[in-house]
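User: I've got a structure open and would like to go through it with you. Can we start with how one of the chains is divided up?
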Amino acid sequence: MIKNKFGIVMVLSLSLIFGGCSAQGSKEQPGAGASTDNGSGSSDSNSQKVELRITWWGSQTRHDLTIKALELFQQKHPDIVIKPEYSGWDGYFDKLSTQVAGANAPDLIQMDYAFLTDYANRDALLDLDTYTQSGDLKIDKHDPSMITAGTVNDKLYAITLGVNAPGVVYSSKVFKELNIADPDTSWTWEDFAKIAQQIKDAKGDGYVGAADNSGTFNIFQIMVRQSGRALFEDGQLGATKEDFSNWFQLWNDLRAGGAITSPEATATMTTALETRPLALGTGAMDFTWSNQLIAFQKAMKDSDDLLKIQVLPHLKGEVKSGEYLKPGQFMSGYSKTQHPKEVAMVIDFLVNDPEATAILGSERGVPVNSDIRAQMASTLSETDQMIFNFVDTVAKDKSDIDPPYPQGFSEVDKNFRTLSEQIAFGQGELSGNIDEFMTSSNSVLSKAK
Amino acid sequence: MTASSMTKPQKRSKRAKKSAASPNNRAALFFLAPWLIGLICLTLGPVLASLYFSLTDYSILASPNWVGLSNYTEMLTADKLFGTSLKVTFTYVFASVPLKLIFALGVALLLNKGIKGLGIYRTIYYIPSLLGGSIAISMLWRKMLGGDGLVNQVLLKVGIHAPDWVANPKYALYSIVLLSVWQFGSSMIIFLSGLKQIPSDYYEASSVDGAGKIRQFWSITLPILTPVIFFNLVMQIITSFQSFTQAFVISNGSGGPLNSTLMYSLYLYKKGFAFFQMGYASAMAWVLLLIIGCFTFIIFRSSRGWVHYEDGGK
């Protein structure tokens, strides 16, 4: 009798626990069942919807536009449900690597040039060649250089969503107010420094000429390129000690004159555009990717202030142009997706569909599909127009993009930021700090190889 | 947590083995089953896996290769940031734990004065403990202590130009210490219940003998409270060593400015998930376990000297 009671309680308590597990499991079943629907459509195909997860990073503007485009896709394909998972840049790849490790990554993954090789080499991404051959994913109108950029070991893993170039973004209002001429494409780092100081002197305390970007590795990279070197060569630092000291000296001089943000203010800036001095109305210049001009414009506290963009300043006597065209973001498939064909369809839709690309505009960069570019040209907004023109300008005077960053890049990138903070807060001495950074980075890089 | 959960299962499973023969205790085993299954699958499994990974170069995306003890040797000999993160964490633990306990005890003493609406106060002071670990509170804290945050605006009103507390490498860690002290609620509740257990005749007797309030505190309250202090101390040390969220949010995940908030677990997380060195991160986790284990051991050992049990510790 007593045993029976125990038995009942046991069953009840266990069923409570395992009930919880199975409830979660059953949620995923419709998706798993739907994987068979490539074949003959069964009678109850309505209930068997294909469910896809998609992830991307970006600003609120991008979230809104992408969700809108995905809704349009679902209207056209009622049998496919797309669940978006979006976030800012910070932490995006932390989360993605965890999901890949847990074999639970989204079906569609927005990928960055810096990480593409890593993920492709580790078989995390879907080989898209099958689908370009089957016609589910059309790439014949795409820029060949962008197809190359998405190819690793002769396999196409990623489709470029937009073409970008780095530039200096500035407030046209402040430039006009202070009678500063718009910089032209031939401006130098000295011009940049002079303008920043001029703005600071005219506007007084609480306003800076530019945001301190001394810790932004990929802007430093431009200066290294201008000296004819690459940031990384053969899996080690390609930049010389002189490159580092020139770079930090430039920013040190600006800091001494108060022309850039204070070390403390710089520490509070993140990649979120809302935190940048330009957006907050406390600074006149910043560095950004051309496509971010749209989000930057939307993040402006003073919405009347029209942002403009110019190429990065040149180095006096530079060896080559540091500017380059970059595949802004890629869209990739997850190698373990249950619905590779549908994944290819969504990617195709995002880059080739006239309506979808009209919604997305050039928020991720100038579209790669030449037909779409031609079609959009007539309906561009002022900011979009500026981005198109800017990318055209860069296309005329650029050098080739460097190969993707080597493994270990993220750790070196973090250390570079720390180095810039050491210098800004005046901890230690410039030359010694640089030496230490270079040694530790090279050791990180050789270990990661 | 890790330290305590390591010792517990051993004891229990021994006990369970001894008694498995008797049918009456089979039921007990059944009731324990959900917990045991959970422990083995969700705690013990991952713990052992991490021990294995700590001896490999596992990078999340690629499969692990055996590297022996090289993760450990690199940590102790070559990795400067490892030293930095230890320094930050020790500073944090040694600043926040005593402050928090003193604060908790102080508030508990005040609340023990038999004031009206004790329940309400107790709840209000406990709320930060519930919310404190959350992302939202850390964000709020960052805003409040930021350059033009609430705190600095108030200071400006009285003519003080204060720095940006969370962005200045000198103060950033202490703003996190402050946030942790603010979450004194759970320790306070435990102190409060400890205080309630002290028989009031002790105080009456001592006041007849002419002892003042301060004298009573040192000679009656504090000694009787030592077991509670001991408990709170151990718990706080263990959780403080593992502190992560606040530093992560306040520094935007960077441990900055200038690595001044690079807590041990934040660095461990960065190594594992941002730099793809999960093997190294696993090794760091085991070193942290050792450190926490050592501290807990030292406190337990020293407790014989200063913890006073009324029943003589039986």
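User: How many Å apart are the C-alpha centres of domain 1 and domain 2 of chain B?
Analyst: They lie 31 Å apart. This is a predicted model. The domain assignment puts residues 1–53 of chain B in domain 1 and residues 73–306 in domain 2.

User: How many residues of domain 1 of chain B are in contact with domain 2 of chain B?
Analyst: 6 residues of domain 1 are in contact with 10 residues of domain 2 in chain B. On the domain 1 side, the elements giving two or more residues are α1 (2–19) and α2 (23–53) of chain B. The largest share, 3 residues, comes from α2(B). By class, that side has 4 nonpolar, 2 polar and no charged residues.

User: Changing topic: which residues of chain B does UniProt list as "transmembrane region"?
Analyst: The unreviewed UniProt entry lists 90–111, 123–141, 171–195, 216–238 and 273–300 of chain B.

User: What is the helix content of 216–238 of chain B?
Analyst: That span is 100% helix and 0% strand, and its end C-alpha atoms lie 31 Å apart. Residues 171–195 of chain B are 88% helix, with end C-alpha atoms 35 Å apart.

User: Now the largest nonpolar core. Which residues touch the most other members?
Analyst: A:L116, A:A196 and A:I347 do, in a core of 112 residues. Helix α14 (residues 340–352) of chain A gives the largest share of this core, 7 residues. At least three residues come from each of domain 1 (50–163 + 327–392) and domain 2 (166–323 + 406–448) of chain A.

User: What does A:L116 touch, leaving out residues up to four places away in sequence?
Analyst: A:M111, A:V152, A:Y157, A:A158, A:F330 and A:P404. Apart from this core lies another, of 56 residues, including B:A172 and B:V249.

Key: Residues numbered from 1 in each chain as written. Chains lettered and ligands numbered in written order. Predicted model: local features only at pLDDT ≥ 70, side-chain atom pairs only at ≥ 80, totals over all residues. Domains from an automatic or database assignment. Contact = placed C-beta atoms within 7 Å. Helix = DSSP H or I, 4+ residues; strand = E, 2+ residues; numbered from the N terminus. Nonpolar A, V, L, I, M, F, W, Y, C, P; charged D, E, K, R; others polar. UniProt positions renumbered as here; feature names shortened; annotations may be inferred. Core = buried A, V, L, I, M, F, W, Y, C linked by C-beta atoms within 7 Å. Buried ≥ 20, exposed ≤ 12 C-beta atoms within 10 Å, placed from the backbone.
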